[in-house]
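Trainee: I have a structure to read and would like to know where its labels come from. Could you take me through it?
Mentor: Gladly; let us look at it together.

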Amino acid sequence: MKDPAILIEDLWKVYTKNDEDIDVEDQDLITSFDESDEAVVAVRGVSLKVEPGEVFVVMGLSGSGKSTLIRCILRLIDPTAGKVFVSGENVTAMNMKELTEFRRHQTAMVFQHYGLLPHRTVLENVGFGLKIQGVPEKEMIERSKVSLEKVGLSGWENYYPNSLSGGMRQRVGIARAIVMDSPILLMDEPFSGLDPLIRREMQDELIRLQEEMQKTIFFVTHDLDEAMRLGDKMAVMKNGQIVQQGEPSDILSHPADDYVARFVQDKRKQLKMADERAKLEVVSDNTGNDPSTKGAITNVS
Amino acid sequence: MFPDALEFHVAEYVNNGINWLLHAYAPTFDSISAGISFVLMSIQGGLSSVPWWGYILLVATLAWVVSKRISTVLILVAMLMLIGMFGLWQLAIDTLAVIITAVILSLIFGIPLGILMAEVDLAKSIMKPILDGMQTMPSFVYLIPAMMFFGLGKVPAVFATLIYSMPPVIRLTDLGLRQVPKSTQEAALAYGCTKWQLLKEVRVPLAMPNIMAGINQTTMMALAMVVVCSMIGARGLGQEVLLSINRIDVGHGFESGFSIVILAIVIDRITQGFARRWDPNKR
């Protein structure tokens, strides 16, 4: 059997003032943290599994621990307890050297605030990951150009990031990630800083790219619409825990608790209205909703 | 009156200590002295071999590159000419040699120290009070150990100037490195940067505006120290000022003093211009 692309087992992250070791099994201790402000429990006992080629979306409001979770996968943040396996390799047990190699070849990440280097051109930014691996310059330039073309930024190679709009900067961010040819793409709220029209455009772009690439994508967002559009699987996070995971349509039709129910309420209403309108107009094709959510519509109404 | 009974002197211990150092480490001081002297003489030789109009051309070109304004070029060139017209050209070159030597040595030691300070918190907590002390200490005080270790002349002048002018570049290197946004560093790390690559490819380039500001301030401090160094026999513009004070020759004092100001302005404009060009956020 093939290893899951990402496997997270009982992962905890506790932020304390002086980084001491915390026994997360100690329930009383965790409760005392929650009641005081001496420590913050950002991720508490998260377990999840992402299959290769899947788009897995983690949704939650700010402060739900989703950004911490995604950073634990490549150990930009070291988890307090628990294990992370990527393609069967135990990331949590790696030393610094192994970790560097792992980050260079297994994952690529897209950030909400782009994280581009202002002193390098668009082309150099895209090629940054290749450069630090020691890929020859000629190959780096070629591959970066191909990658820029994929995101529709041909001709912008020699501009500096600061002269680009937010949407274009994030395209550079995506180009930088896909040029790496790594099997796993980590995306931390990549479209949250963009205005709604551009956001939608970028989501379409990502769907199109994903059809081409068939990568494993771990996607974090606070936007339900985005989660529904992009996700094959979805997990809802609240207060550091996963409250429900499954297929987006299932979550929409069978929310596990009040919290998720409140979350999906508006979306259900919206879909219901769209559904009724569609009935009235006798238009069979409901544009803008992918097939998986259509299944949900019948469930709702 | 402060009671006599409480009088207690450390001067003797300091003297003994310094004497002991001088005896015990005489070869060390000699080789440091020879090293500084060699750098200084090479720079002095290089500077002297350039004809006066070479400097005018150089300043004109640099001023044009950094400002793109003809008025700036003309003003800076006219000011430089003024030094020559006062008959102080050679002395200005002497002064420049001391400054350049001191600044180069300051950067060689200062930038790595600044990086160390930014990387290691312990280094920061040790160095911060030392730097505070160095900057609040009156500059004359540096002359004493400089003179003791290296005698009279330009070598102790370089040494004293070096010590006096190093703090800004250390501080600003540290500040610049610490100000690099965490999100940018995180992105670089996510793509598999080693610590060294992070420093070389991301942190130092992004800290460059601050480091350049540090270099500029260090140069200005060095210039200010040069006048003081004339007291231990460093030939140059400072010595002319000192002589004028002793002779109460206000006119000559004005000429040499103004020449120092001119040097300061020219160097400041040009280094600041380059600092701006380094700023990645202004591209």
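**Reading the labels**

Mentor: Val86(A) stands opposite Glu89(A) in β5(A). This is a predicted model, where local features need pLDDT of at least 70 and side-chain atom pairs pLDDT 80 or more, while totals for chains, interfaces and linings use all residues. Residues are numbered from 1 along each chain as its sequence is written, and chains are lettered from A and ligands numbered from 1 in the order in which they are written.

Trainee: What makes β4 and β5 of chain A a pair?

Mentor: Strands pair if DSSP finds at least two bridges between them. Strand β4 (residues 81-86) of chain A is joined to β5(A) by 2 bridges, so the pair qualifies, and the two run antiparallel. A strand here is a DSSP run of E of at least two residues, a helix a run of H or I of at least four, and both are numbered from the N terminus.

Trainee: Why are β2 and β5 of chain A called edge strands?

Mentor: The open sheet has 4 strands in the order β2-β1-β4-β5 (chain A), with antiparallel pairing. Its edge strands, β2 (39-50) and β5 (89-90), each pair on one side only.

Trainee: What lies across this sheet's β1, β2 and β4?

Mentor: Helix α2 (residues 66-73) of chain A does, running at about 60 degrees to β2(A). That angle is taken between N-to-C directions, from 0 to 180 degrees, of lines fitted to C-alpha atoms, for helices over the stretch in contact. Contact means C-beta atoms, placed from the backbone, within 7 Å.

Trainee: Which residues touch the most other members of the largest nonpolar core?

Mentor: Phe218(A) and Ala160(B) do, in a core of 146 residues. α10(B) gives the most to this core, with 15 residues. Such a core is a set of buried Ala, Val, Leu, Ile, Met, Phe, Trp, Tyr and Cys residues joined through C-beta atoms within 7 Å. Buried means 20 or more other C-beta atoms within 10 Å of a residue's own, against 12 or fewer for exposed and partly exposed in between. Beyond four places in sequence, the contacts of Phe218(A) include Ile6(A), Val50(A) and Phe56(A).

Trainee: How many residues of chain A count as buried?

Mentor: The share is 40% of its 301 residues.

How values were computed:
Contact = placed C-beta atoms within 7 Å.
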